[in-house]
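Please read the points below with the model open beside you. Each one takes up a single topic.

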Amino acid sequence: MTYLKLPYHRLENKADLDILLEDIGDARIVMLGEASHGTSEYYGWRTAISKRLIEEKGFTFIAVEGDWPDCYQVNKFIRGSCKAGTKVSDVLKNFNRWPTWMWGNWEIAALVEWLKEHNDRPNTTNQIGFYGLDVYSLWDSLNRIMKYLEQKDGKAMKAAKEAFKCFEPYSSDPQEYARAVAYVSEDCEDEVISMLQELGKREQTEPLNSEAVFDAEQNALVAVNAERYYKAMIRGGGSSWNVRDEHMMETLNRLLEFHGPDAKAIIWEHNTHVGDARFTDMARAGMVNIGQLAREKYGRENVYLTGFGSYEGSVIAGEAWGAPMKKMEVPPARAGSWEEWLHSLGATDKLLLSRELRDIDEMRQLIAHRAIGVVYDPNREAYGNYVPTIIPERYDAFLYLDETEALRPFIVKTKEKEPPEMYPANE
């Protein structure tokens, strides 16, 4: 198949990101995607971009496709709030829920150590935060709320106990809860909403701008939206996807408000969340995502969406949900795909800017664009794993990496595991 030549920029080292930083301009929100949750180079390049955004453009925090309670432990670590002697590996081993490799890996360890070093510098005025946007941590969030309130009296503690009591019969299994209540009226929605409302009232008695209050309220919000998410998931359809991404957007809004009018956010999520859903086949199914919602709320000029992809290589994933992680081969991209098109231009890494592509007629059609999740079967490449996409509208920029390698996960049970060779050189 013969493909049209496209304008692109070389992508060999972090100096090649200059044109990307220039294109980002004064955007307040920069979203950095990934075509899989298990590729080392995606994490490495996102780290390199994030460092420059923090150092050169004053970005305030990183928020990722991870659970709030676990990510908040990272936030405490990089801000110096953990007990003396705590190591980055200790903190990242909190990510012990499947898929553990997404955030429990050496690539993230390198980023977290850099963030802590940045925050520890003398006279640093820009203290960076690290937060989770996701909605899966129903029981963990309930436990964190109880711990926060255990020394306090009043209606907030009573409401939290009522919520916890409502969920107790389901053995800390949110899917068991969802199956039990999906089609009946006797659920725990009223209890978690009441808890959120009572926690909100505590703002009047707590110190202004208290992260502890924000953390407790966010855990309550997670409980509210997780309860809705799991019920929607059992009922089927696309509504659970929207509950999840709308929660991510609500969390991003809260973080920006909490950090003040000058706050600037870096978002790390899969391309399916970052790339504007209106320019994919997701729109036909009535699905939205955080990239779309952020553009709609803050304006396209203030939100910069960056996609990632590769032609072939290897990846960490599971053969089924909850299955052991394993290194899998990623076959060459299928014929007619966006990734094959870029490979045909030469087996080099490339940076493409959408403003240089939008006037090309061939770029204004839906093109198959690879997406690998935490569950992956390389043998089914011909039948799935591709999202029809209008590339220069879905993203503002695209980083193409011709051949990639699987990331390097922690083995959570092995406390003495040493860093891999060359750690933390990940740029």
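1. Trp-268 has contacts, meaning heavy atoms within 4.5 Å, with Leu-32, Tyr-43, Arg-46, Thr-47, Ser-50, Ile-62, Ala-63, Val-64, Glu-65, Trp-103, Ile-108 and Leu-111, leaving aside residues up to four places away in sequence. This is a predicted model, in which local features need pLDDT of at least 70 and side-chain atom pairs count only at pLDDT 80 or more, while totals for chains, interfaces and linings use all residues. Residues are numbered from 1 along each chain as its sequence is written, and side-chain values use heavy atoms, with hydrogens and water left out.

2. Trp-268 also belongs to the largest nonpolar core, which has 53 residues. A nonpolar core is a set of buried Ala, Val, Leu, Ile, Met, Phe, Trp, Tyr and Cys residues joined through side-chain atoms within 4.5 Å; buried means under 20% relative accessible area, exposed over 50%, and partly exposed in between (1.4 Å probe, protein chains only). Leu-20, Ile-62, Leu-92, Leu-115, Phe-130 and Trp-268 touch the most other members. Apart from this core lies another of 27 residues, including Val-222, Met-249, Leu-255 and Val-303.

3. Helices here are DSSP runs (H or I, at least four residues), numbered from the N terminus. Gly-58 follows α2 and has a positive phi, near 70°.

4. How many salt bridges does a search of the whole structure find? The search finds 25, a salt bridge being a side-chain nitrogen of Lys or Arg within 4 Å of a carboxyl oxygen of Asp or Glu. One of them joins Lys-116 to Asp-120, with the closest N and O atoms 3.4 Å apart. Both residues lie in helix α5 (residues 106-120), 4 residues apart, or about one turn of the helix. Lys-116 is partly exposed at 21% relative accessibility, and Asp-120 is partly exposed at 46%.

5. Arg-295 forms a salt bridge with Asp-276, the closest N and O atoms being 3.0 Å apart. Arg-295 is in helix α13 (residues 290-298) and Asp-276 is in the loop between α12 (271-274) and α13, so the pair ties together parts that are 19 residues apart in sequence. Both Arg-295 and Asp-276 are buried. They are also part of a network of salt bridges that includes Arg-278, Glu-296 and Arg-300.

How values were computed. Helix = DSSP H or I, 4+ residues; strand = E, 2+ residues; numbered from the N terminus.
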